[in-house]
Amino acid sequence: MSTAKSIMEISRDEWLAALQITEAEAPDAVIVEGSWWRQQRTDWRLSYLTEVEEISFPDIFVGTWNGRRVAYCCAYGAPRAVEIIHLFSMIGAKLAIQIGTCGGLQPGLNPGDIIVPTVAIARDGVAHLYGGQDEVMSDRRWSERARSAILERGIAVHQGTHLTWSSIFAQDRRLIENWRRAGYLSVDMETATTLAVAGYFGVPALSLLAVWDDLIQGKSFLDPLAQNEQNALDASNLAVYEVALQLVDMINTS
C-alpha cells in the first residue's frame, strides 16, 4: 500500500519545514489581497512591515508589525487564495483577513465605500471543498471591530450578504440583475474562499473590500472614475490595509 500523502494530510511540522520557518516565526495573522496589480500592491503593503522576508514559496512574504508576525500575499482568485489561507491557518495563524476591491450590486453604494460582509455566498468553486455550504459566515466579533475602525476614518461602511464569484469576466447583465434582486451587496473572487478555508482550521476570518465599479449601472473597472470617486477609492484601498493592521494589534498572542 502506498504511504504517499495528499496535501491535506501534510502536518504542521512538515509545512513549517517546507516553508523554512520556525514555530516562533510562524505568523500571528495572514492578510490576502485580490488584485491584478500584484507588484504595486505587494510593494505598498510590505512598506508598513519590518523584517520582511519572502519565504521559500514565491510571492509570499512574512514581516513584523508592532511585534507581531504578519503574512501577506497578493492572491488573485479563489485557486490562489485557498493555498495561502490553508498554509498559514495550518501552521497557527490566529486571524485571516481578506482585503481588496469589489463590484457594487445595490443602489446607494459609491466608489470608496467599504463592504464588511457578514456572510458570503460561495460561488467560487473552492469553499465547498473545505466544508463551506452555500453561505459562509465571517467572524462577527472581528467584523464589528473592523466596521468601527472604518467608521472612525469617516468612510461609509456597509454590512450584509456578499457574493464570491469564480471570474470577473463571466458576469453578464442577466447575472448581475439576478444578484441585485437576490439582495447581494457586492461581488468579489476570494472572500468566501478565505472564510471557508480559515473556518475549516478554526481560524476567525473576515473581509474588507473597497467598492470600485457600479455593476448595476453597467460600469466595470475599465470605466474611468470622476476625480472625487478616484480619491475616495484610493483612500479606501489605503484604509482596508491599515484597518487590517489595527486588527492584528488586537490579537491575543498569549
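Both faces of strand S3 are covered, with Phe61, Gly63 and Trp65 buried on one side and Val62 and Thr64 buried on the other. The model described here is a predicted one.

**Strand S3 and its partners**
- Strand S2, made of residues 50-54, pairs with S3 in the antiparallel sense over three bridges.
- Within this pairing, Thr64 of S3 has Thr50 opposite it.
- The hairpin of S2 and S3 has six residues between the strands, and Asp59 there adopts a positive phi near 65 degrees.
- Strand S4, residues 68-74, also pairs with S3 in the antiparallel sense, over five bridges.
- Phe61 has Tyr72 in S4 as its bridge partner.
- Two residues lie between S3 and S4 in their hairpin, where Asn66 in the turn shows a positive phi of about 50 degrees.

**Ile55**
- Ile55 is located in the loop between S2 and S3.
- Ile55 has a relative accessible area of 10% and is therefore buried, the cut-off being under 20%.
- Apart from its neighbours within four places in sequence, Ile55 makes contact with Leu19, Ile21, Ile60, Val62 and Phe88.
- A separation of 34 Å lies between the C-alpha atoms of Ile55 and Ala170, which are 115 residues apart along the chain.

**Thr42**
- Thr42 belongs to helix H2, which covers residues 38-46.
- With a relative accessible area of 6%, Thr42 is buried.
- When residues up to four places away in sequence are not counted, Thr42 touches Phe61, Tyr72 and Cys74.

**The largest pocket**
- The largest pocket holds about 550 Å³ of space.
- Its lining comprises 26 residues, of which Gly103, Ile168, Gln171, Asp213 and Phe221 are the closest to the centre.
- Strand S5 (95-104), helix H5 (173-181), strand S11 (186-188) and strand S12 (205-214) are the elements that give two or more residues to this lining.
- S5 gives the most to the lining of the largest pocket, with three residues.
- By type, this lining consists of 13 nonpolar, seven polar and six charged residues.

**The second largest pocket**
- The volume of the second largest pocket is about 220 Å³.
- Among the residues that line the second largest pocket are Trp15, Phe57, Pro58, Ile60 and Tyr130.
- Helix H3, residues 78-90, gives the most to this lining, with five residues.
- The lining of the second largest pocket divides into nine nonpolar residues, one polar and two charged.

How values were computed: Residues are numbered from 1 along each chain as its sequence is written. This is a predicted model: local features need pLDDT of at least 70, side-chain atom pairs count only at pLDDT 80 or more; totals for chains, interfaces and linings use all residues. Side-chain values use heavy atoms; hydrogens and water are left out. Buried means under 20% relative accessible area, exposed over 50%, partly exposed in between (1.4 Å probe, protein chains only). Helices (H or I, at least four residues) and strands (E, at least two) are DSSP runs, numbered from the N terminus. Two strands pair if DSSP finds at least two bridges between them. Contact means heavy atoms within 4.5 Å. On a 1 Å grid over the protein atoms alone, a cavity is a set of points where a 1.4 Å probe fits but cannot get out, and a pocket is an open set with protein on both sides within 12 Å along at least five of seven lines; lining residues have an atom within 4 Å of a point. Grid points are joined across faces, edges and corners, and a volume is the space filled by probe spheres set on the points. Ala, Val, Leu, Ile, Met, Phe, Trp, Tyr, Cys and Pro count as nonpolar, Asp, Glu, Lys and Arg as charged, and the others, Gly among them, as polar.
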